[in-house]
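This report covers strand pairing, aromatic pairs and charges over rings. The sequence and the model come first.

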Amino acid sequence: MTFRNRALRAALSVCLFVTLAAAMGTAQASPAANQMPSVVVVPAEAQPGPNFSADAATRAYLAQIPASATARSNAYFEGGYWLVLWDFLVGAVVMLILLNTRLSAKMRDFAARITRFRFLRTMLYFAQFTIVTYVLGYPLDFYESYIREHQYGMATQNFGAWMGDEGKGILLNMVMGGLAVAILFWIVGRLPRTWWIWGSITAVALMVFGVAISPVFIQPIFNNPKILDNAKITDPILSLARAQGIPAHDVYEIDASKQTKRMSANVSGFGSTMRITLNDNLIKRASPEEIQAVMGHEMGHYVLNHIPNF
């Protein structure tokens, strides 16, 4: 194992401990401002050396978490796996309702009456589709994204603010999703024999475009990104980025605390839009070492090409 891969695995191990502890609220707040210790106490199993084991290091960190917090964390994530199944089943039922009630056909006919241009017709149909499927799936979405998040102490939004973000998501999906679907249907109509080739190429291009514009144009719709001006935090992160070949010159901060208590970070964008972003919960509640551990995890996704491979 190379030093680079060993360092990434070590960072992933530390990140797992940090995320579980923060998510379940096990970190003890100081009287001043809920700041984590400035230095991480590293267990013997996690010390660097020729016999380093990521599995042993992970177990050592997990052993520091109280059993009650671990049980609560497991319940949250395991319940989330069941919700993946329920999302699929509800989605399938919604599609059957649209087909068997001929509601989908009625939406198609309505779009045809509004405009004779097929491209606009497809976009209008998709706008109706987005609204109808959201309404039909709303009960599960409300439980999953609002009620359950509050039950586990993760959410900070009231109902009005949450619905505001939901509305932004719907409008964004109607516009960008509508354009993407209209382009793909245009290709099907123009190239009936080879549409699957050009459609696949176009779908990949659209995904790359979406990834590229996300940090610059989409993220600001929901949060306010700004350049983080704290050399104690940014210098080690940018140094790690340069070592891993990540072309970042700044570190950004977003005000995620207005929506959630989660501590998170990401490497997003593509080419000139690529950004390293920390959410304000991570900055306020974690030590510099813990922030670096989280960023080691996120940079691992970038270095190992998880986004394009997905």
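Which residue in strand 4 does Val251 stand opposite? Val251 stands opposite Ile276.

## Basis

This is a predicted model, in which local features need pLDDT of at least 70, side-chain atom pairs count only at pLDDT 80 or more, and totals for chains, interfaces and linings use all residues. Residues are numbered from 1 along each chain as its sequence is written, and side-chain values use heavy atoms, with hydrogens and water left out.

## Strand 2 and its partners

Helices (H or I, at least four residues) and strands (E, at least two) are DSSP runs, numbered from the N terminus. Two strands pair if DSSP finds at least two bridges between them. Strand 2 (residues 251–254) is joined to strand 1 (residues 226–227) by two bridges, and these strands run antiparallel. Here Tyr252 of strand 2 is the bridge partner of Ile227. Four bridges join strand 2 to strand 4 (residues 275–279), and this pair runs parallel.

In a regular strand the side chains alternate between the two faces of the sheet. In strand 2, Val251 and Glu253 point one way, while Tyr252 and Ile254 point the other way. All four are buried (under 20% relative accessible area; exposed is over 50% and partly exposed in between, with a 1.4 Å probe and protein chains only).

## Aromatic pairs

Rings of Phe, Tyr and Trp (its six-membered ring) pair if their centres lie within 6.5 Å; planes under 30 degrees apart count as stacked, over 60 as edge-to-face and the rest as tilted. The whole structure holds 13 aromatic pairs. One of them, Tyr134 with Tyr138, is edge-to-face, at 5.7 Å centre to centre and 65° between the planes. Tyr134 is buried, with a relative accessible area of 19%, whereas Tyr138 is partly exposed at 22%.

Phe142 and Tyr146 form a stacked pair, with 5.4 Å centre to centre and 15° between the planes. These two residues are separated by about one helical turn, because they are four residues apart in helix 6 (residues 138–151). Phe142 counts as partly exposed at 23% relative accessibility, and Tyr146 as buried at 15%. Both pairs belong to one aromatic cluster, formed by Tyr134, Tyr138, Phe142, Tyr146, Phe159 and Trp162.

## Charges over rings

A charge sits over a ring if NZ of Lys or CZ of Arg is within 6 Å of the ring centre and within 35 degrees of the ring normal. The charged end of Arg275 sits over the ring of Tyr252, 4.0 Å from its centre. Arg116 lies over the face of Phe117, at 4.6 Å from the ring centre.
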